[in-house]
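Dear colleague,

I am handing over the structure below, and my notes on it follow. Please read them alongside the sequence and the model.

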Amino acid sequence: MIKEISYKANCDLVNCKNEAKYCLFTKKHFSPKIHFCEECKQKLYNELGKNIIPKSLDAPYSPKRLSKI
Ligand SMILES: [Zn+2]
């Protein structure tokens with residue numbers, strides 16, 4: 001779904017004026033592609049990660065890890 005592009009395009013994300021490096025294909029006919037840059041890719045991943053991975057304080061301190069300390 002996300003592909004690296006070889007042509008020149010501007011990043012489509014809000015408040016970004018960088019040159020796009022990636023392209024996300026959508027089903028829409030009017031603007032079938034969303035272009036975004038490396039920076040925005042990281043931002044997107046971070047945003048998605050926040051929603052997908054529930055905030056848990058337990059994970060880094062699992063009983064197995066603590067027993068080794
Ligand atoms: Zn961008």
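The secondary structure of the protein consists of 2 helices and 3 strands, where helices (H or I, at least four residues) and strands (E, at least two) are DSSP runs, numbered from the N terminus. Along the sequence these elements follow the pattern β-β-β-α-α. Please bear in mind that this is a predicted model, in which local features need pLDDT of at least 70 and side-chain atom pairs count only at pLDDT 80 or more, while totals for chains, interfaces and linings use all residues. Residues are numbered from 1 along each chain as its sequence is written.

As for the strands, two of them pair if DSSP finds at least two bridges between them. β1 and β2 run antiparallel and are joined by 3 bridges, with K3 standing opposite C23 in β2. β2 is also joined to strand β3 (residues 33–36), by 4 bridges and again in an antiparallel arrangement, and here Y22 stands opposite F36 in β3.

The loop between β1 (2–4) and β2 (22–25) contains N15, which has a positive phi of about 60 degrees although it is not a glycine. Most residues other than glycine have a negative phi. Of the 69 residues in the protein, buried residues make up 9%.

Key: Buried ≥ 20, exposed ≤ 12 C-beta atoms within 10 Å, placed from the backbone.
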